Amino acid sequence: MLCLGAALLGLHACRQPDMMTRTQIFKVLGPDGTETSAISIDGKAQAVAFTILSTSEWNAQVSGTDDFSLSNANGGSGKTSISLNARSNESGAVRKAELAFFQSGELRKKFEITQTEQSPYIEVKPKTYTIAGDGESFTIEVDTNQPDWNFDLSGVDWLTVEARSATSVTFSAGENNSGRKRTADVLFYATAAPELMDYLELTQNIPAVAPVADMLDVVFDAEGKGKDVSALSMTVDNSRVNSDISTFYSDKFGRYVAKFNNPTIARSSMDAGYYFIPYTPSSTFGSKLADGFTYELVFCSYTDPTAKQVKPFSSTQAGGTGMCFRASTGEINFECHVGGSWVELYSGVLPQKNTYYHVIGTWDKENGIALLYVDGVLTASKNTTGDFKFMDTSVDARWFGIGADPSAADKGEASFYGEVVIARLYDKPVTAEEVKALYKLVK
């Protein structure tokens, strides 16, 4: 037994170095995601994708004709993607290429590429397109090996041509006032060979109806007071309204506008000079805010963009949400505290003095995304995860401020100098079409 044990120990000692030797891994996946060695492609010019998984350096070579080339012929350990670029096959015959991969000088994988002769073709991209209900311009790419092509708009009187190039055409559709969804199939064809054709399928829905603010909709009156006319009838506390605030009737917007007259922006420790709307997380308002919402603001600043944080309509203090002028740039920034950190959406839009802007910020909790629109255009988006964190103060108070933001000491700060026309909150994230409908009402 002692001899047998010694022999086994000896065998283990001899095999241990081999067992510790690292096994080299090398795998190449073709365009279909498998290791199939025979690959057939059509005659169009194209890039054929390959994925390499390796534990060491490798190189690749392509042989055949000069019509094939590699985007990258070398790589290291890890995952690498390369493309075999093939020119259009106008040779009149099938052509072939061989793609070989080497690891440490050893041939590890080989692919046989066969490219068929290029047949006459015409293809539109995309083949289907949905047009915004209020109209838009859009471009369709045309890929063909024919010398000339055309299209047929017979019976499609709601579509016009804005521009055309050798490889594309830009169409324009106005607002769909027909009261129903409208569709069209646009025929594209080769001029010299009309039997070569492709179709573009178009759909245009009717314009979206502007939603009604069901969480908060503050309107101002001739006496300078604010009132919420939404279904929740939130309290708009006017006790902090002072001589820094006035209102005037705007013919442009058909409503009274709040005017914040103190030119010293970004003030702090303010006892007055703003409207505030108190709420609690456990209220209906709080639960709606926590499940996802839409923020809407129409404002006009009386100052040029400056590197100070100013908040016309917000509820941010160690949490919360609102719009501000970004401190470092002055650009319009929508922020929302989600998943334990601030989600900042920088618009790139610098609000110019005495100019009105329409801002929509949405937080879609269910789909995990926050979006920012300025004047109907999407300017920023970010993925989100986690729950909404409410703002807080030293006295456990929470409120939305119009003209200033809550401070940690339950006073106003980040004061605004200018006009607030609309300050609204909606229970759900609005769609891009609804954003356009809302903007249409104020532009």
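Select Asn-89 and show what surrounds it. Leaving aside neighbours within four places in sequence, Asn-89 is in contact with Gly-43, Val-94, Arg-95, Gln-115, Thr-116, Glu-117 and Gln-118. Contact means heavy atoms within 4.5 Å. This is a predicted model, where local features need pLDDT of at least 70, side-chain atom pairs count only at pLDDT 80 or more, and totals for chains, interfaces and linings use all residues. Residues are numbered from 1 along each chain as its sequence is written, and side-chain values use heavy atoms, leaving out hydrogens and water.

Stay on Asn-89. It lies in the loop between β7 (78–86) and β8 (95–103). Strands are DSSP runs of E, at least two residues long, numbered from the N terminus. Is Asn-89 buried or exposed? Its relative accessibility is 0%, so Asn-89 counts as buried. A polar contact of 2.5 Å joins the two side chains, Asn-89 to Ser-91. (A polar contact is a pair of N or O atoms within 3.5 Å; within protein, one must be able to donate a hydrogen and the other to accept it, and residues adjacent in sequence count only if both atoms are side-chain atoms.)

Next, colour the open sheet of 5 strands. Its order is β2-β9-β8-β4-β6, with mixed pairing. β2 (38–41) and β6 (74–75) stand at the edges with a single partner strand each, so one side of each has no neighbour in the sheet. Two strands pair if DSSP finds at least two bridges between them. Zoom in on β2 and β9 (residues 106–115): they run parallel, joined by 4 bridges. Pick Ser-40, and you will find Thr-114 of β9 opposite.

Move to the open sheet of 4 strands. Here the order is β10-β12-β15-β14, and the pairing is antiparallel. Which strands stand at the edges? They are β10 (122–125) and β14 (159–164). Now select β12 (residues 136–144) and β15 (residues 168–173), which are joined by 6 bridges. Glu-136 has Ala-173 in β15 as its bridge partner.

Finish in the largest nonpolar core, which has 49 residues. (Such a core is a set of buried Ala, Val, Leu, Ile, Met, Phe, Trp, Tyr and Cys residues joined through side-chain atoms within 4.5 Å.) Select Phe-285, Leu-289, Phe-299, Phe-313 and Ile-402: these touch the most other members. Strand β23 (residues 293–301) gives the most to this core, with 5 residues. Then centre on Ile-402. Its contacts beyond four places in sequence include Val-218, Phe-260, Phe-313 and Val-420.

Technical notes. Buried < 20%, exposed > 50% of the residue type's maximum accessible area, 1.4 Å probe, protein only.
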